[in-house]
Amino acid sequence: MTTRLQDLQHPSAGTTLMSEWLTGTAERSRTAADALLHEWAAAPAPPGRLAQHVFLSLDGTGLFFYAQWTSDEEHLAWARARRTEVVSRVDALVPGIERPGLIRTRLARSVVHDARRPAGVVTVRTVAAGDVETATAPAPGLLAAHLHVTSDGERTIVVTEWADAASQEAAAGGDAGVKRYTHAHSFVDDHAGPRI
């Protein structure tokens with residue numbers, strides 16, 4: 001993965017949306033990702049979308065989406081007008097995708113330990129308020145940690161970037177709550193403006 005999340009943080013992002021699609025197999029995940037990428041490339045960029053990133057799970061069972069929008073209202077307007085149409089075309093190719101739901105967050109802060117190395121693995125996990133500092137503490141291979149607070153303020157979702165899977169596995173110590181992904185594709189829209 002050559003794209004780094006800290007390179008794609010936008011000062012005008014009012015919301016960061018995260019969602020997971022459970023497909024069951026690596027082949028179904030890749031087919032769903034390719035179909036969705038085709039849909040996004042073929043349509044005009046929504047006016048409020050700043051960036052959309054797609055990740056494939058390391059175990060092959062699904063996709064993770066990380067999107068930055070100017071506001072929840074802009075995203076909801078697009079979702080009402082276009083989401084059903086886009087998703088139905090993906091579902092025609094890959095029926096039976098499970099979608100546990102969309103999480104609306106705000107990026108609270110990022111802790112970058114190494115801004116230069118490419119990230120080989122991205123992880124996502126939910127932590128309690130008291131565990132935030134542990135989640136951002138330096139560790140061999142940890143490149144960055146991005147802390148997102150849910151819109152209800154009750155959870156913090158930590159998205160971390162690691163140099164490789166081995167470093168992440170050594171640090172995680174078998175934590176079953178950590179989901180691991182590799183980068184598949186990103187759309188960064190022209191109207192996004194300067195990046196931080």
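Accessible areas here come from the Shrake-Rupley method with a 1.4 Å probe, and for residues only the protein chains shown count as cover. With that noted, I looked up the surface of the protein chain: it comes to about 9400 Å², of which 53% belongs to carbon and sulfur atoms.

Before going on, I noted the ground rules. This is a predicted model, in which local features need pLDDT of at least 70 and side-chain atom pairs count only at pLDDT 80 or more, while totals for chains, interfaces and linings use all residues. Residues are numbered from 1 along each chain as its sequence is written, and side-chain values use heavy atoms, with hydrogens and water left out.

**Entry: the fold**

I began with the secondary structure, where helices (H or I, at least four residues) and strands (E, at least two) are DSSP runs numbered from the N terminus. I found 4 helices and 8 strands in the protein chain. Read from the N terminus, their order is β-α-β-β-α-β-β-α-β-β-α-β. The radius of gyration is 16 Å, close to the 16 Å that the globule rule gives for 196 residues, so the chain is as compact as a globular protein of that length. For my own record, that radius is taken over C-alpha atoms, and the rule is 2.2 Å times the number of residues to the power 0.38. Along the principal axes, the C-alpha atoms fill a box of roughly 45 × 35 × 30 Å.

How many of the 196 residues count as buried? I got 46%, with buried meaning under 20% relative accessible area, exposed over 50% and partly exposed in between (1.4 Å probe, protein chains only). Next I turned to contacts (heavy atoms within 4.5 Å). Among those between residues at least 6 apart in sequence, 77% join residues at least 24 apart.

**Entry: aromatic rings**

Rings of Phe, Tyr and Trp (its six-membered ring) pair if their centres lie within 6.5 Å; planes under 30 degrees apart are stacked, over 60 edge-to-face, and the rest tilted. By this rule I have 6 aromatic pairs. Phe 55 and Phe 64 have ring centres 6.0 Å apart and planes at 40°, so I logged the pair as tilted. Phe 55 is buried, with a relative accessible area of 0%, and Phe 64 is buried too, at 5%. I also noted one aromatic cluster formed by Trp 21, Trp 40, Phe 65 and Phe 187.

**Entry: two loop residues**

Gly 60 sits in the loop between strand E2 (49–57) and strand E3 (62–69). Is Gly 60 buried or exposed? It is buried, at 8% relative accessibility. Leaving out residues up to four places away in sequence, I saw Gly 60 touch Thr 23, Gly 24, Thr 25, Ala 26 and Ser 29. I also checked Gly 60 against Arg 109, 49 residues apart along the chain, and their C-alpha atoms are separated by 29 Å.

Val 94 is in the loop between helix H2 (72–93) and strand E4 (102–112). At 1% relative accessibility, Val 94 is buried. With residues up to four places away in sequence set aside, Val 94 touches Arg 28, Thr 31 and Ala 32. Ser 29 is 65 residues from Val 94 along the chain, and I read 8.6 Å between their C-alpha atoms.

**Entry: strands and a helix**

I then moved to Thr 123, in strand E5 (residues 121–127). Thr 123 is buried, with a relative accessible area of 3%. Beyond four places in sequence, its touching residues include Val 158, Trp 162, Gln 168 and Arg 180.

Tyr 66 lies in strand E3 and is buried at 1% relative accessible area. I found 20 Å between the C-alpha atoms of Tyr 66 and Ala 165, which are 99 residues apart along the chain.

My last stop was Leu 76, in helix H2. Leu 76 is partly exposed, at 34% relative accessibility. Leu 76 and Gly 48 are 28 residues apart in sequence and 9.9 Å apart in space, C-alpha to C-alpha.
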